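Subject: Handover of a structure and notes on its contents

Dear colleague,

Please find below the structure that I am handing over to you. My notes on it follow directly after.

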Amino acid sequence: MSGGLPVNPVLLIDDDEGWLKSLPILLKRKVGITNLITCNDPEAVMPILASRAVSIVLLDFTMPRMMGDQVLTNIKNEYPDIPVILLTGSDQVDVAVRCMQRGAFDYFVKTYDTGRILSGILRAIRLHEVMHENRLLNSGFLNDTGPQHGEAFAGLWTRSFRMLRIFRYLEAVAGSS
């Protein structure tokens, strides 16, 4: 991860207030993630995603008013590139298979052995960042125009096509580690 934190926040959705309070503490202490949004209402998820970019979604499966697999389907229909990790209190293979078929990045049972959950979260964040960097590289480096933010290169004068491509490349990788 760039700088130890995901660029965009992690969205944590769970109706259990205890989990909403304890998981952010665990993420901060164990892996340095402090950029989080917590939500206890599954119906508020889509408006949150419409208002800002997120790195990943951590989603409880069993919630009132709307089950996690329905929220997962809604997210994947509108935002297919966002990794969604489902978390549940019960180990049900059929539910896990159904969620993976609907596009879940991973599926974990909430346990005291948090190592697997944390490594899955880090893996999802890294994948999302790599995909984002790849899109930036494709849109910037492979584009035949000059830099999008010319002010960053205002002190450099060139008409060289090669230099303009280098400027685009620099813009594309500037946010990466």
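**Salt bridges and exposure**

R65 has a relative accessibility of 56%, which places this residue in the exposed class. Please bear in mind throughout that the model is predicted.

R65 lies in the loop between β3 (56-60) and α3 (68-78). Its phi is positive, at about 70°, although R65 is not a glycine. As a general point, most residues other than glycine have a negative phi.

The side chain of R65 also takes part in a salt bridge with that of E43, with an N to O distance of 3.7 Å. E43 belongs to the loop between β2 (36-39) and α2 (45-51), and R65 to the loop between β3 and α3, so this pair ties together parts that are 22 residues apart in sequence. E43 is partly exposed, at 44% relative accessible area.

In the whole structure, the search finds seven salt bridges. Among them are two further pairs that I would like to describe.

- K110 and D60 form a salt bridge in which the closest N and O atoms are 3.4 Å apart. This pair links distant parts of the chain, with K110 in the loop between β5 (106-109) and α5 (115-140) and D60 in strand β3, 50 residues apart. D60 counts as buried, with 4% relative accessibility.
- D69 and R98 form a salt bridge whose closest N and O atoms are 3.3 Å apart. D69 is in helix α3 and R98 in helix α4 (residues 93-101), so the pair ties together parts that are 29 residues apart in sequence. D69 is buried at 10% relative accessible area, whereas R98 is partly exposed at 29%.

**Helix α6**

Helix α6 covers residues 161-173, 13 residues in total, and spans 19 Å from its first C-alpha to its last, close to the 18 Å expected at 1.5 Å a residue. Within α6, the residues F167, R168 and A172 are buried. These three lie on the same side of α6, because the arc that they cover around the axis is only 140°.

I166 is also found in helix α6, and its relative accessibility of 40% makes it partly exposed. Together with M163, Y169 and L170, I166 forms a nonpolar patch on the surface, with about 330 Å² of accessible area for the four together.

Yours sincerely

Definitions and conventions
Residues are numbered from 1 along each chain as its sequence is written. This is a predicted model: local features need pLDDT of at least 70, side-chain atom pairs count only at pLDDT 80 or more; totals for chains, interfaces and linings use all residues. Side-chain values use heavy atoms; hydrogens and water are left out. Helices (H or I, at least four residues) and strands (E, at least two) are DSSP runs, numbered from the N terminus. The expected span of a helix is 1.5 Å times one less than its number of residues. Buried means under 20% relative accessible area, exposed over 50%, partly exposed in between (1.4 Å probe, protein chains only). The arc is that of the directions from the helix axis to the C-beta atoms. Patches are made of residues with over 30% relative accessible area and no salt bridge: like charges are joined within 9 Å, nonpolar side chains (Val, Leu, Ile, Met, Phe, Trp, Tyr) within 5 Å. Accessible areas come from the Shrake-Rupley method with a 1.4 Å probe; for residues, only the protein chains shown count as cover.
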